[in-house]
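Subject: The structure, and what turned up in it

Hi,

Here is the structure I promised to send over. Please open it alongside this note.

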Amino acid sequence: MRYIAFEGVDGAGKTTVAGRVADALRHDGFDVVMVREPGGTPIGEAVRQILLEAGESMVPRTEALLFAAARTQLAAEVIEPALAHGSFVLSDRTVYSSLAYQGGGRNLGVESVREPNVWGLGKVWPELVIWLDVDPETGLSREDGADRISNEGPALMQAVAGAYRALSESEPERIHRIDAGQDLDRVVADCLAVIEAAS
Ligand code: Z5A
């Protein structure tokens, strides 16, 4: 399994942990491509700016479709070629963020949000999802910057955390929960163990 997602509420440690896992895989001789969502391509970064900095007037369906559009570009331009080349792709957020934030957090419904993403991504779907599970309050306290979505605070993040839990129960073979409240070294070691077991 080469397309690996790092998921979780804000401040769960996705960026930090994905970086440490990439270092370990590279140390073992693997080629690793790291991407982040939204972003990772010129079009995706432009969409990211709109998503994170637009005013409060953005309606939830627009938000969901913009995330899906940025992701579709990333899949075609970066992820599919990297996987074809045999690289690991470690992604800081993926379609599972949309299912949790827009599907669960915004109440659009997981299956409604899945649809445009399936259309956009085709087969380029995360094979392994590492869900860094941390109490949303702890996650928010770890963050040093804020954006339009994180500014909405604990209620949205509790709904998102609940959505991740429900997703992990409905796709247990793909989504692996890691206790991200642990010491960082322990979190990284647990992730590497999951990846090794899935390989
Ligand atoms: N979003 C969405 O709604 N729908 C979607 O489809 C997608 C995204 C793709 C993206 O912002 C926003 O878009 C996000 C979800 C939404 N917003 N909100 N709200 P982003 O990518 O810029 O921000 P983020 O995803 O919230 O990531 P983050 O703030 O960068 O958090 P993180 O990557 O999970 O955490 P971190 O930066 O690795 O770590 C934060 C700090 O905690 C840092 O100082 C670490 O050293 C520390 N840390 C990490 N792990 C530990 C442990 N285990 N112990 C102690 N300290 C730790």
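This is a predicted model: local features need pLDDT of at least 70, side-chain atom pairs count only at pLDDT 80 or more; totals for chains, interfaces and linings use all residues.

Residues are numbered from 1 along each chain as its sequence is written, and side-chain values use heavy atoms, with hydrogens and water left out.

**The ligand**

The ligand is surrounded by 27 residues (each with a heavy atom within 4 Å of it). Asp-10, Lys-14, Thr-16, Arg-93 and Glu-143 are the closest. By class, this shell has 9 nonpolar, 9 polar and 9 charged residues (Ala, Val, Leu, Ile, Met, Phe, Trp, Tyr, Cys and Pro count as nonpolar, Asp, Glu, Lys and Arg as charged, and the others, Gly among them, as polar).

Helices α1 (14-27), α2 (42-53), α3 (60-84) and α4 (95-105) each supply at least two residues of the shell, and α4 gives the most, with 4 residues. Helices here are DSSP runs of H or I with at least four residues, strands are runs of E with at least two, and both are numbered from the N terminus.

Some individual distances may interest you:

- A polar backbone atom of Gly-13 is 2.8 Å from an oxygen atom of the ligand.
- A backbone N or O atom of Gln-182 is 2.9 Å from a nitrogen atom of the ligand.
- A polar side-chain atom of Arg-142 is 3.4 Å from a nitrogen atom of the ligand.

The protein covers 79% of the 1100 Å² of accessible area that the ligand has on its own (Shrake-Rupley method, 1.4 Å probe).

**Exposure and backbone**

For exposure, buried means under 20% relative accessible area, exposed over 50%, and partly exposed in between (1.4 Å probe, protein chains only). Glu-143, in the loop between α6 (136-142) and α7 (154-170), is partly exposed at 30%. Val-47, in helix α2, is buried at 11%.

Arg-93 is in the loop between β3 (88-92) and α4 and counts as buried at 15%. Its phi is near 80°, a positive value in a residue other than glycine. Asn-107 also has a positive phi, near 65°; this residue lies in the loop between α4 and α5 (110-121) and is exposed at 69%.

Finally, a cis peptide bond joins Glu-37 and Pro-38, with omega about -10°. Pro-38 lies in the loop between β2 (32-36) and α2.

Best wishes

Methods: A polar contact is a pair of N or O atoms within 3.5 Å; within protein, one must be able to donate a hydrogen and the other to accept it, and residues adjacent in sequence count only if both atoms are side-chain atoms.
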